[in-house]
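Please keep the sequence and the model in view while reading.

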Amino acid sequence: MFMEKLVRETERLSLICSMLDTMRRADKDRNARGWTSPIGMLKITRCCAVICELGSAIAKAGYRECDRQTIEEIMGETRQVLHLLNARAAG
């Protein structure tokens, strides 16, 4: 159950951040819009928070739904996305 939700939320984050979607939303000068806007960054942060909650729930349940390495990789990617957002906001 948790794993299915985790996969759906990870797919949602991937869609928000996908390069094709970014290019589709670009303005006439090909400047990215969408996920780089404050609302877009909020959506990404929210997805990351849900992914972290689901990953923690799976870990607390003893990884019955999947292996530990998979969860660690997903959580690592999620942290990397958050670090990139933080760097973008600071810069």
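In this predicted model, Glu9 has a relative accessible area of 13% and therefore counts as buried, since the cut-off for that class is under 20%. The residue belongs to helix α1. Which residues does Glu9 contact, once its neighbours within four places in sequence are left aside? They are Cys47, Val50, Ile51 and Leu54.

These partners direct attention to helix α3, which comprises residues 38-60. With 23 residues, α3 reaches 33 Å from its first C-alpha to its last, close to the expected 33 Å at 1.5 Å a residue. Its buried residues are Gly40, Met41, Ile44, Cys47, Cys48, Val50, Ile51, Leu54, Gly55 and Ile58. The cover over these buried positions includes α1, residues 2-17, and α4, residues 68-90. Just after α3, Gly62 adopts a positive phi of about 90 degrees.

The view may now be widened to the chain as a whole. The chain contains 4 helices and 0 strands, and from the N terminus on its elements follow the order α-α-α-α. Of its 91 residues, 29% count as buried. Among contacts in the chain with a separation of 6 or more, 70% are between residues 24 or more positions apart.

Conventions. Residues numbered from 1 in each chain as written. Predicted model: local features only at pLDDT ≥ 70, side-chain atom pairs only at ≥ 80, totals over all residues. Heavy atoms only, no water. Helix = DSSP H or I, 4+ residues; strand = E, 2+ residues; numbered from the N terminus. Expected span 1.5 Å × (residues − 1). Buried < 20%, exposed > 50% of the residue type's maximum accessible area, 1.4 Å probe, protein only. Contact = heavy atoms within 4.5 Å.
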